[in-house]
Amino acid sequence: MPEVRRRTLLAGAAALGGTAAAVTTPGIAVAAPISPATSTPLVTLGPDDPRYSSLTRRGSNGRFAGKPERVHVVSTTEQVVAAVQRAVRDGKRIAVRSGGHCFENFVDDPSVRVLIDTSPMRAVRYDAARRAFAVEPGALLGEVYRALFLGWGVSIPAGATAEVGVGGHVLGGGYGTLSRRYGLSVDHLYAVEVVVVDRSGRARSVVATRDPEDPNHDLWWAHTGGGGGNFGIVTCYWFRDPAAKGDDPARLLPKAPASVLSFSATWNWKDIDERAFTRLARNHGTWHEHNSAPDSPYTDLFSVLMLNSRHTGTFSLVGHLDATMPDAERRMRAYVDAVGSGTGTKPTVQHGVRPWLTAVALVQETEPAPYKVKCGYLRKGYTDRQLTALHRHLAGPASENISGALWLVSYGGKVNTVAPDATAVAQRDSILKAVYMTSWEGEETAGAKPLAWLRAFYHDIYADTGGVPVPGPVSDGSFINYPDRDLADPNLNTSGVPWHTLYYKDNYARLQRVKARWDPRDEFRHGLSVRLPG
C-alpha cells in the first residue's frame, strides 16, 4: 500500500491521520498504564534543566517552540492545583499540555510563562462509585483504547490517531473511527474534574457532571466541545453511555468490534483529468449525502478521501469497516466503486482484515514538523464552483512542489442525533469534515509559499462567503480542535461573521456565561479562547 510520510504532508494531520497510517505503516506498540500515579513528586524545572527542551519542544507542530520560565510536570490533581495556585500568585500566564497536538501556538505562545505538563497522568480505570470509566488527561488515545478493550471489551468513540492525548481531544468534541456508529466522545462524557480559579485567585478542583441537577452542570456542558484552555485544567474524565443501565462495566460503554476490514484505493494523478477529478469528488460528496443517516447500513464505515496535490503523484481513499458485519468486503467495494464511478479510471485497491486493537492502538512516534491546518464542516457535497476550485489548487501550477492536501473525513450518523445545544458542539447535521493542510521542511521562512498556497486555496473554496465556511446550505463553520487563527484575521475572514460563530454558532453566548462564572479572571486564555462577556 502507498507509503504515508508523516514527516512531510501528514505531519499536518497528526490529530486525525491514524487510519491512513494504520492501513499502511507499522507503528510502535505502547503498553497502557492502567493504575493511577501514587507517590510521584511534583517536578518543577527551568531553562537550565536538561529536561527543559524535551518538554517545551514536544508539540507536534514544529512551527512553534515555547520558552516558559518554568515547567511543572504533574502527576495528581493536587499537584495541578498547587502549580496553578503558584502561577496565579506570581501573576504568570498559564498553559497546559497533554499529548502535544495543538495545531496553533496556544501552548507555545511567547507570553506563556508557566507550562503545566499532564503527560504523567495516564491512568485508565473503572470507577464503581460513579459507574463510569475514569481517564486521566495525559493518556494517549491508543493507551485508552487498549486499556478499555482488554479490560472490558469496550471503547469510546474518539480520534483515529493513537498518539493524540485525551486531554485536549475530548474538550473539542472528540470524533473518530466509531463516531458514525456511536457519536462523539462528549456524547459519552459523564463527568469532568477541573482545576479552576475563582475571582479571589484561589485555585481548587471541581467535579461537574451531566446531571442537570448538578450545581456545576454548566461547567460539564462547557467541556463537551468548548475547546481546551478556556475554563481550567481537566485532571480527569469519566465516561459512560447515557443510555447504559446497571453496574456491569462491560455494558456501560459501546462495544468495540472484534476486527476491522481496512482498505485503501489509490488513483494516479496522471490518469485523472479535471473532468474525472471533479466527477470523483462529486461522487464522494453525493455518496455521503445518501449514506450518513443514523440508520444507514454504512454507519460502521470510517474513511478519509486524501486529495493530495498533483506533484505527489497519487491520491487515495482509505478507511475501514467492521469486519464482523455482513458483507463487509462487498460494501467496501461498492463504496469505492461509487466514488470512482464515471471517471474512466480504476484505482489500485488493497484491503485486509485485522484485529480492532491492532488497527487503532499502534502509536506512531514522529518528530515535530512545521505545518498549517484549516478546516470546515460540510452539510452536503461541494458545489460545482467549489469543485472547480479544488482542482485548480490541487492540480494547477501553484501546487507545484507544495506538500499540500485536502482530506475529506467521514462524519454524520449517530453524531447527528444529538441536539445542537445539548453539548457545546453545535454542528450536528454535517456529513463530512474538510481538512486543508500543508507542511514544509526547514525554518519558518520556508513556509511562506506553502502558507500562501493554503490560504489562497481555502479562500477560493469559500469565496462566496468571505473566504470562510459560514454556516449555510453547504458549510457549517469549523472545528475548534483544528484551530485556525486566520479566522480571526479580518484580512482573511471578510465575511463579517466572527470566528466564534464559525466554531460555536449559537452556543457561544452560553460558553461566555460559563467563562464568567468559572474563570472570571481570564487565567486560562489563548488566541481563540472564549472571551469574557462585555
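1. Arginine 385 is partly exposed, at 30% relative accessibility (buried means under 20% relative accessible area, exposed over 50%, partly exposed in between, with a 1.4 Å probe and protein chains only). Its partner is aspartate 460: the two form a salt bridge, with the closest N and O atoms 3.6 Å apart (a side-chain nitrogen of Lys or Arg within 4 Å of a carboxyl oxygen of Asp or Glu). Aspartate 460 lies in helix 12 (residues 448-461) and arginine 385 in helix 11 (residues 384-395), so the pair ties together parts 75 residues apart in sequence. Helices (H or I, at least four residues) and strands (E, at least two) are DSSP runs, numbered from the N terminus. Aspartate 460 counts as buried, at 17%.

2. A note on the basis. This is a predicted model, where local features need pLDDT of at least 70, side-chain atom pairs count only at pLDDT 80 or more, and totals for chains, interfaces and linings use all residues. Residues are numbered from 1 along each chain as its sequence is written, and side-chain values use heavy atoms, with hydrogens and water left out.

3. Other salt bridges. The structure holds 34 of them. Arginine 202 pairs with aspartate 198, the closest N and O atoms being 3.4 Å apart. Arginine 202 is partly exposed, at 43%. Arginine 330 pairs with aspartate 327 at 3.7 Å between the closest N and O atoms. Aspartate 327 is partly exposed too, at 47%.

4. An open sheet of 5 strands runs in the order 5-6-9-7-8, with antiparallel pairing (two strands pair if DSSP finds at least two bridges between them). Strand 5 (124-127) and strand 8 (203-209) stand at the edges with a single partner strand each, so one side of each has no neighbour in the sheet. Strand 7 (residues 189-197) and strand 9 (residues 233-239) pair over 6 bridges. Leucine 189 stands opposite phenylalanine 239 in strand 9.

5. Cavities. There are 6 cavities of 30 Å³ or more (on a 1 Å grid over the protein atoms alone, sets of points where a 1.4 Å probe fits but cannot get out; lining residues have an atom within 4 Å of a point).

Terms used: 1 Å grid on protein atoms, 1.4 Å probe; cavity = no way out; pocket = protein on both sides within 12 Å on 5 of 7 lines; lining within 4 Å. Points joined across faces, edges and corners; volume = space filled by probe spheres on them.
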